[in-house]
Amino acid sequence: MKIYNSLTRNIEEFIPNEPGKVSMYTCGPTVYHFAHIGNLRTYICEDVLEKILRFSGYDVKRVMNITDVGHLSSDADTGEDKMVKGAQREHKTVMEIAKFYTDAFFKDCEKLNIKMPDVVEPATNCISEFIHMIEVLLEKGFAYKAGENVYFDTSKLKEYYVFGNQNEDELMVGVRDDVSEDSNKRNKNDFVLWFTKSKFEDQALKWESPWGVGYPGWHIECSCISMKHLGDKMDIHCGGVDNMFPHHTNEIAQSEAYLGHKWCNYWFHVHHLNDETGKMSKSKGEFLTVSLLESKGYDPIVYRLFALQSHYRKPLTFSYETLDQTAATYKKLKNRIAAVKAEGDVDEAAVKEWHDKFAEAVGNDCNTAMGLTLLYDVLKSDLNGSTKLKVIEDYDYVLSLNLLKAEEAEDGDDELSAYVEGKIAERAQAKKDKDFARADAIRDELAAQGIIIEDTREGVKWKRA
Ligand code: AMP
Ligand code: ZN
């Protein structure tokens, strides 16, 4: 397995800390609004990375935070608190907003076949852990108090810009222009670990701390939550490319200052989805959500395919025209797969051979486009139908494109019913003729198309898997 590491700016052989096991952390959403499809591009690519690791035999533990406090509208500790702004917009409490948009996020993930991480932890669950880390950073001299806030002192580090050769302007991608200088900071890049004195007198969520009643800065949550669940050494940390600076740079600064050793070995960054006018955002233009795509008649899985067709390290531009092309590609692909009949015995050796080919293709820095090419190669191959379906099922673990699921029947989808009823009648006849092999083959053929049949006292019933 090879993976591009933003720390070294090289594609590297992936070597986990513990053989066979992977600890993986994903920066979760800030739950003040719906996720846009740009955010979800990042989560799709991270989901694919996790599944490729599992497909290749690793035992993965993946942790994700939910940012429900501390994320200001500029990543550089200025602007309004995103959660408070969301609550004001909707005349609700911050916790109501957090709950609503956390649920909405996971609903979107489900529609896109993004697996739920093993651990999901809201920042507001971990205040005591944040306070502990800040206390240690103060003791070790990496933090200071000023203007009643606690700051991390970046001048105490040998190297702060760990993501290397980018110039500062490039790194400022996560930071807004409208930053007003915070005069408490000793150095330009120092960042807030704990706010007690802030511009937001109306800050909704506050906690007791040794420095007064207040709330944590944004960066501390990812360091603490990942260490809480994954320990002091981590294999892979993921996020969108805008997280590289200042968020991930600050995470590394405080984590390694706290631990006194290297913390995370591989940094995985997904490039942005742009619209035709530039970077996608929640405040600009049409707010592109999964629900919006659905309301326009798109199956969310078409968007997943759209994301998988490109490489995660390249910017991707969204347009309805390209999405339409992807929808047509998806339909054709599904039809080709639906036409494969479950015939012959599964050739297990061939399944293993094609499994390994796929693992190598997608294991080369998440080359999902190459994985899709292999899927077409399987369809073109001279494997028998049952073997093809088995390989497709195997690939779909990573691709998660519902490749074997029968199309959702729309109201009055008589065609599907007629087809299934026909197959059920054929199976009943085969049973009558004592041709049980044929009867079983019909059941398997339907199962491969996502149709489950059950023999009940009232007769044969069927449903979608
Ligand atoms: P947020 O909810 O703003 O904290 O962002 C959630 C995730 O989406 C983070 O990993 C961001 O880096 C990522 N992200 C933000 N904008 C985009 C975009 N336009 N394309 C891809 N990923 C993005
Ligand atoms: Zn984070």
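Is H247 buried or exposed? In this predicted model, H247 has a relative accessibility of 0% and therefore counts as buried, the limit for that class being under 20%.

The zinc ion (ligand 2) is coordinated by three atoms, namely SG of C27, SG of C222 and NE2 of H247, at 2.0 to 2.1 Å. Along the chain, the donors of this zinc ion follow the spacing C-x194-C-x24-H. C222 belongs to helix 6 (residues 219-230) and H247 to helix 7, and this pair, 25 residues apart, links distant parts of the chain. C222 is buried as well, with a relative accessible area of 0%.

G260 follows helix 7 and has a positive phi, near 80°. A positive phi is also found just after helix 2, where H91 takes a value of about 50°. Helix 2 covers residues 82-90, and its buried residues include K82, M83 and V84. G86 and A87 of helix 2 are buried too.

The domain assignment divides the chain into domain 1 (2-275), domain 2 (298-399) and domain 3 (414-464). Taken over C-alpha atoms, the centres of domain 2 and domain 3 are separated by 27 Å.

One cavity of 30 Å³ or more is present, and the largest cavity holds about 60 Å³ of space. Its lining is made up of C45, V48, F268, A307, L308, S310, Y312, C366 and T368. Helix 1 (37-55) and helix 9 (300-308) are the elements that give two or more residues to this lining. By residue type, the lining of the largest cavity contains seven nonpolar residues, two polar residues and no charged ones. Both domain 1 (2-275) and domain 2 (298-399) contribute lining residues, and the largest cavity therefore lies between these two domains.

Two loop positions were considered in turn. T124 is located in the loop that joins strand 7 (119-122) to helix 4 (127-139). With a relative accessibility of 17%, T124 counts as buried, because this value falls under 20%. When neighbours within four places in sequence are left aside, T124 is in contact with D68, V69, M95, L205 and W207. The C-alpha atoms of T124 and K206 are 9.9 Å apart, although 82 residues separate the two along the chain.

S381 occupies the loop between helix 12 (368-380) and helix 13 (385-399). This serine is buried, since its relative accessible area is 17% and the limit is under 20%. Apart from neighbours within four places in sequence, S381 is in contact with W354 and K388.

Conventions:
Residues numbered from 1 in each chain as written. Chains lettered and ligands numbered in written order. Predicted model: local features only at pLDDT ≥ 70, side-chain atom pairs only at ≥ 80, totals over all residues. Heavy atoms only, no water. Helix = DSSP H or I, 4+ residues; strand = E, 2+ residues; numbered from the N terminus. Buried < 20%, exposed > 50% of the residue type's maximum accessible area, 1.4 Å probe, protein only. Contact = heavy atoms within 4.5 Å. 1 Å grid on protein atoms, 1.4 Å probe; cavity = no way out; pocket = protein on both sides within 12 Å on 5 of 7 lines; lining within 4 Å. Points joined across faces, edges and corners; volume = space filled by probe spheres on them. Nonpolar A, V, L, I, M, F, W, Y, C, P; charged D, E, K, R; others polar. Domains from an automatic or database assignment. Donors = N, O, S within 2.8 Å, 3.2 Å for Na, K, Ca; no water.
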